[in-house]
Amino acid sequence: MEEMSTPQARRLALGAQGFADQRPTGRIDRRHMRKLMRRLKLLQLDSVPVLIRAHYMPAFSRLGPYRTALFDEIAYQHDEWFEAWAHEASVVPVESEPLLRWQKQRARRGDTWQGLVRFAKEQPEYVRSVLDEIAERGPILTSELRDPRPRTGDWWASRSWGQLAADWLFRIGAVGVRRSSGFEKNLDLLERIVPAHVLERPTPSDSDAMKSLLVHSAQAHGVGTADCLVDYFRLPKREAKALLPELVEDGRLIETQVECWSKPAYRHPGVSMPRRVQAQALLSPFDPICWNRNRTLSLFDFHYRIEIYVPKEKRVHGYYVLPFLLGDRLVGRFDLKTDRQRRTLEVRASHIEPWADPDEVAPAAAEELRHLAQLVGADDVEVSRCGELAPALASSLASR
């Protein structure tokens with residue numbers, strides 16, 4: 001078994017995620033986005049618009065300010081990516097579609113949300129009529145169906161028949177999603193989104209597909225425990241973990257012991273370790289480098305939780321908090337919000353890790369916040385007094 005220090009594991013992980021590369025100096029274009037997706041394998045979707053929708057952030061964190069419409073064009077107009085259940089709702093390259101068919105086949109057999117399974121069994125004619133209408137009129141909103149069949153009651157009961165049918169058809173792979181600029185979900189046949197040459201590829205066995213996804217996870221992680229690799233594509237835990245010894249035996253993964261990690265890890269043999277990482281980036285709560293909180297703690301000694309659903313009086317760091325990466329360490333965190341009416345990026349709280357140097361962190365954070373303001377369409381950055389880094393940050397922003 002290989003051995004590796006925590007700083008080495010951290011550099012390997014950051015390098016695999018693209019943080020060891022220099023940012024482009026010119027305009028961010030389709031080539032940069034394709035390279036990003038090849039590295040990350042997927043981008044998690046999230047509709048919370050407090051700052052900006054989170055799926056636009058990973059590209060910004062690695063590449064700098066860019067035209068966010070480029071993401072939508074690649075995913076929803078030019079069909080290079082498509083929506084799928086991967087790490088929650090995500091976009092993935094269309095080439096990955098065969099590796100996700102096992103999910104859809106299992107959903108057809110009832111291995112998905114039981115309310116949907118029950119609905120599909122009880123209303124097969126209605127489901128078929130929705131599929132026929134999508135084939136005839138798609139892309140289409142569920143509210144535009146000829147018979148959306150609204151219901152009343154709690155959240156589950158209040159979902160229309162059209163929404164339930166669409167959700168079922170998506171989970172079994174019959175339909176896909178195109179998004180409008182307002183993030184509205186338009187339904188279309190999957191065969192009109194994923195190219196025919198991909199759909200015609202043979203379907204791998206469940207175990208072969210999961211092995212490939214575990215290897216993809218290791219490429220995106222650099223190094224990670226079994227829990228990390230399984231979590232990346234949200235694979236069935238027991239089933240997927242049982243495949244790891246075979247991947248090691250075949251040389252597709254290398255078993256590794258990372259200093260201070262209680263569990264064995266797995267390294268992808270093709271991911272190189274950078275000599276140093278000089279990153280400077282604000283990270284979305286849904287960025288792959290920090291979405292697994294246990295991994296964030298073990299790699300960076302950084303305890304991170306999303307406090308959106310925590311009562312205000314019990315929050316420690318704020319409502320929508322972004323970690324700040326400087327070099328190869330997470331050195332602080334900022335509670336951020338975009339005030340679109342005032343065209344202002346609000347820094348509601350500014351926190352620094354106890355061991356970090358404010359004179360080093362504040363100027364770097366100020367620079368990234370100016371870049372973020374450009375991304376979200378803000379003309380100004382406004383810093384509140386909350387947080388121990390606030391005075392130094394406000395001074396750095398004022399000294400521009």
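**From the pocket to the loops**

Author: H9 gives the most to the lining of the largest pocket, with five residues. This is a predicted model: local features need pLDDT of at least 70, side-chain atom pairs count only at pLDDT 80 or more, and totals for chains, interfaces and linings use all residues. Residues are numbered from 1 along each chain as its sequence is written, and side-chain values use heavy atoms, with hydrogens and water left out. Helices (H or I, at least four residues) and strands (E, at least two) are DSSP runs, numbered from the N terminus.

Reader: Thanks! Which residues are the closest to the centre of the largest pocket?

Author: On a 1 Å grid over the protein atoms alone, a pocket is an open set of points with protein on both sides within 12 Å along at least five of seven lines, and lining residues have an atom within 4 Å of a point. A volume is the space filled by probe spheres set on the points, joined across faces, edges and corners; for the largest pocket this comes to about 850 Å³. Of its 29 lining residues, the closest to the centre are Trp85, Ala89, Arg179, Phe183 and Lys185.

Reader: How many residues in the lining of the largest pocket are charged?

Author: Strands E3 (81-86), E4 (88-93), E5 (175-179) and E6 (185-189) are among the elements that each supply at least two lining residues, as is helix H9 (161-171). Ala, Val, Leu, Ile, Met, Phe, Trp, Tyr, Cys and Pro count as nonpolar, Asp, Glu, Lys and Arg as charged, and the others, Gly among them, as polar. By these classes the lining has 16 nonpolar and four polar residues, and the number of charged ones is nine.

Reader: Which residue in E6 stands opposite Arg178?

Author: Strands pair if DSSP finds at least two bridges between them. E5 and E6 run antiparallel, joined by five bridges, and they form a hairpin with five residues between them. Within this pair, the residue opposite Arg178 is Asn186.

Reader: Is Phe183 buried or exposed?

Author: Phe183 lies in the loop between E5 and E6, and its phi is positive, near 70 degrees, in a residue other than glycine. Buried means under 20% relative accessible area, exposed over 50%, and partly exposed in between (1.4 Å probe, protein chains only). At 15% relative accessibility, Phe183 counts as buried.

Reader: Within what arc do the buried residues of H2 fall?

Author: In H2 (residues 30-40), the buried residues are Met33, Leu36, Met37 and Leu40. Taking the directions from the helix axis to the C-beta atoms, these residues line one face of the helix, since they fall within an arc of 95 degrees. On the other side of H2, two residues are exposed: Arg31 and Arg38. To come back to the arc, its value is 95 degrees.

Reader: Which residues are exposed on the other side of H17?

Author: The buried residues in H17 (residues 390-398) are Ala390, Leu393, Ser396 and Leu397. They are on the same side of H17, covering an arc of only 130 degrees around the axis. On the other side, the exposed residues are Pro391 and Ala398.

Reader: How far is the sulfur of Cys228 from the closest cysteine sulfur?

Author: A disulfide is a pair of cysteine sulfur atoms within 2.5 Å, and the structure holds zero of them. Cys228 is buried, at 6% relative accessibility. Its closest cysteine sulfur is in Cys290, too far for a bond at 13 Å.

Reader: What is the relative accessible area of Arg343?

Author: Arg343 lies in the loop between strands E12 (329-339) and E13 (344-352). Although it is not a glycine, Arg343 has a positive phi of about 50 degrees. Most residues other than glycine have a negative phi. Arg343 is partly exposed, with a relative accessible area of 40%.

Methods: 1 Å grid on protein atoms, 1.4 Å probe; cavity = no way out; pocket = protein on both sides within 12 Å on 5 of 7 lines; lining within 4 Å.
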